[in-house]
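Subject: Handover of a structure for your review

Dear colleague,

Please find below the sequence and the structure that I would like to pass on to you. My findings follow it.

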Amino acid sequence: MTAIPETLPALVAARASRGGLALVERGRPVSFQSLDDQSRRVANGLIRLGIEPGQRVALWLPNGTAWLATFFACARIGAIAVSVNTRFRSHEVADIVGRSGAQTLVFWPEFRGIDFAAILAACDPRALERLASVVAYAETGEETPRTVHGRRVLAYSALAGADPLAEDRSAPDAGCIIFTTSGTTKAPKFVLHDQRTVISHAFDVARGFGIGPGAALLLAPPLCGVFGFCSAMAALAAGRPLVMRPSWDAADAARDIVTHRVTHANGTDEAFAQLLAQDDASAPFPGVRFFGYAAFSPALGDLVARAESRGVKLVGLYGT
């Protein structure tokens, strides 16, 4: 039996040594080798920004290669990624970045045509006192701000253009990511996960959901939440590709399922209702082996029966 890697950089390196696809992002293939290389370059870029083991890097990004590459980069240098929801507005971003003590924030200023730079600029400056650097992801033709709260904004491409970092400061018991969770307190609580726990859980999910040879997983939920993150990590642990886009669109997802031969998908009940509406065939998506859904909408209480009548078996998920 092959030993399970104990650190996140070791996991990506092991998958890269075998070759194959890690992601299909908006139709573009990204190999495990490419993901490993980009994460090593971003790690070196973060070190040049002064990020040290134990320090926090806030990820205010949608689903994409940059999110995963930065997450694995943080793990390589022993830093901790702080997941920030792209739906958050100024007071929420200020709260998460401020209380987490993040030294660097990575964001996409023009994602979905929303002025994220303005949202960041409207944050209470006192909450961002420990923020030393800001990194902006951009795509062709997009402009990025030069400064935010008096801090120079560095292009993500500059981080990803650094030399690959050979050094590996990761450790199995080192914290690697912080998620927020609701509770009885006024503000969201922080939950810190270590590398060994994330990897162990990912392999458990892969086995439990049957993500094996020939599988491909459609990532509908966002990586900034545990639902999407755990789904993504399970696919990567299994060495199988993630099919994803920065934001949810049912028509695109339906095409991706067919084009990329998706076998597994996890999402909300509303997402699956929208998927079923994209195809009026009596048995849409026959190649999918596993549809895991989370029930959020009482109005869709009949969704399981409706889906089953069309040959789609939905499996309820809880606590993923």
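Strand E7 pairs with strand E8 (residues 151–155) in the antiparallel sense, over two bridges; two strands count as paired if DSSP finds at least two bridges between them. The model is a predicted one, in which local features need pLDDT of at least 70 and side-chain atom pairs count only at pLDDT 80 or more, while totals for chains, interfaces and linings use all residues. Residues are numbered from 1 along each chain as its sequence is written, and side-chain values use heavy atoms, with hydrogens and water left out. Helices (H or I, at least four residues) and strands (E, at least two) are DSSP runs, numbered from the N terminus.

Axes are lines fitted to C-alpha atoms, for helices over the stretch in contact, and angles run from 0 to 180 degrees between N-to-C directions.

Turning to helix H1 (residues 8–18), its buried residues are Leu8, Pro9, Leu11, Val12, Arg15 and Ala16. Buried means under 20% relative accessible area, exposed over 50%, and partly exposed in between (1.4 Å probe, protein chains only). Seen down the axis of H1, the buried residues fall within an arc of 160 degrees, so they line one face of the helix; the arc is that of the directions from the helix axis to the C-beta atoms. Ser17 and Arg18, on the other side of H1, are exposed. The buried residues pack against helix H2 (32–48), helix H3 (65–77), strand E9 (175–181), helix H7 (195–209) and helix H8 (226–237), where contact means heavy atoms within 4.5 Å. Gly19, with a positive phi near 80 degrees, follows H1.

The axes of H1 and H2 come within 7 Å and cross at roughly 140 degrees. In this contact, Val12, Ala13, Arg15 and Ala16 of H1 meet Phe32, Gln33, Asp36 and Arg40 of H2. The contact residues divide into four nonpolar, one polar and three charged. Ala, Val, Leu, Ile, Met, Phe, Trp, Tyr, Cys and Pro count as nonpolar, Asp, Glu, Lys and Arg as charged, and the others, Gly among them, as polar.

Arg112 lies in the loop between E5 and helix H5 (116–121) and is exposed, with a relative accessible area of 62%. Arg261 is in the loop between helix H9 (250–259) and strand E13 (264–268), and counts as exposed at 69% relative accessibility.

With kind regards
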